[in-house]
Amino acid sequence: KQWYQRRVRVPPLDPSVSSLLYLGDGRFHLESIMISNPTLPAYRYDPYDKSLTREHYDHDKMKRIRQEEIAKAEAADRWGLILGTLGRQGNPAILDKLGGMLREAGKSYTVYLMSEIFPDRLGSMADVGAWVQVACPRLSIDWGYTFPTPLLSPYEAAVALGRVKWQEDYPMDFYRNTALGPWTNNHPENKVTRRKK
């Protein structure tokens, strides 16, 4: 059995797993697991209304939208990097890596600290052609298309800047200990070492 903590780590499940049963209301965490496991049939049991439903996710639509946003961002000369300050979502090491990638690509950028990221707020900065948010990885996937300019995740920024190829199975590895690249919190280059007391 594979169990996940509240801070959802959503690796592809073991190939021997034939289906997924999610216990809970809502779909947020279920969708993360579905994105990581696009061929796995998913079911949701809601303990509040005692219903069992077969759940679906439109992977093709999500990937098409994200690739369109990445393509728009590739043409941007000026970027905005957002370090999320809500809880522990923002990682300065990832922000630094992104800044380095942008400098190497000859792109100018400005760093912004934000606790909440809204389309109106980013839209008021019309000189920014693309944004990268180092906060909630699902923000770009779920609501990125509602922003006036591309709002990318760190992974998507790495794709737009030619650092990694697009992955057909979208990587939901932001909190995984084994990750595809340095856009994740637990990648060896980004781990925070704590001093012993």
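Buried stands for under 20% relative accessible area, exposed for over 50%, and partly exposed for what lies in between (1.4 Å probe, protein chains only). On that scale H1 is mostly covered, with seven of its nine residues buried. They are Leu-30, Glu-31, Ser-32, Ile-33, Met-34, Ile-35 and Ser-36.

A few words on the model before we go on. It is predicted, so local features need pLDDT of at least 70 and side-chain atom pairs count only at pLDDT 80 or more, while totals for chains, interfaces and linings use all residues. Residues are numbered from 1 along each chain as its sequence is written, and side-chain values use heavy atoms, with hydrogens and water left out.

Now to the nonpolar cores, each a set of buried Ala, Val, Leu, Ile, Met, Phe, Trp, Tyr and Cys residues joined through side-chain atoms within 4.5 Å. The largest has 40 residues, and Trp-79, Leu-98 and Tyr-170 touch the most other members. Two or more residues of this core come from each of strand S1 (20-23), helix H1 (28-36), helix H2 (59-74), strand S4 (78-84), helix H3 (92-104), strand S6 (130-134) and helix H6 (154-160).

Not counting residues up to four places away in sequence, Tyr-170 touches Ile-35, Met-62, Arg-66, Ile-141, Ser-153, Tyr-155 and Glu-156; contact means heavy atoms within 4.5 Å.

From here we can turn to charge. Side chains of opposite charge can pair when their charged atoms come close. A salt bridge is counted when a side-chain nitrogen of Lys or Arg is within 4 Å of a carboxyl oxygen of Asp or Glu, and a search of the whole structure finds twelve of them.

Glu-68 pairs with Arg-64, their closest N and O atoms being 3.7 Å apart. These two are four residues apart in the helix, so about one helical turn separates them. Glu-68 is partly exposed at 40% relative accessible area, and Arg-64 is partly exposed at 42%. Glu-69 and Lys-72 also meet in a salt bridge, at 2.9 Å from N to O; they are three residues apart in H2, again about one helical turn. Here Glu-69 is buried, with a relative accessible area of 5%, whereas Lys-72 is partly exposed at 49%.

Another bridge reaches across the sequence: the side chains of Glu-104 and Arg-163 meet at 2.3 Å, N to O. Because Glu-104 lies in helix H3 and Arg-163 in the segment after H6, the pair ties together parts that are 59 residues apart in sequence. Glu-104 is exposed at 63% relative accessibility, and Arg-163 is partly exposed at 44%. Elsewhere, salt bridges that share partners join Arg-27, Glu-31, Arg-44, Asp-46, Glu-55, Arg-138 and Asp-142 into one network.

Asp-142 sits in helix H5 (residues 137-143) and counts as buried because its relative accessibility is 16%. Leaving aside neighbours within four places in sequence, Asp-142 is in contact with Phe-28 and Glu-31.
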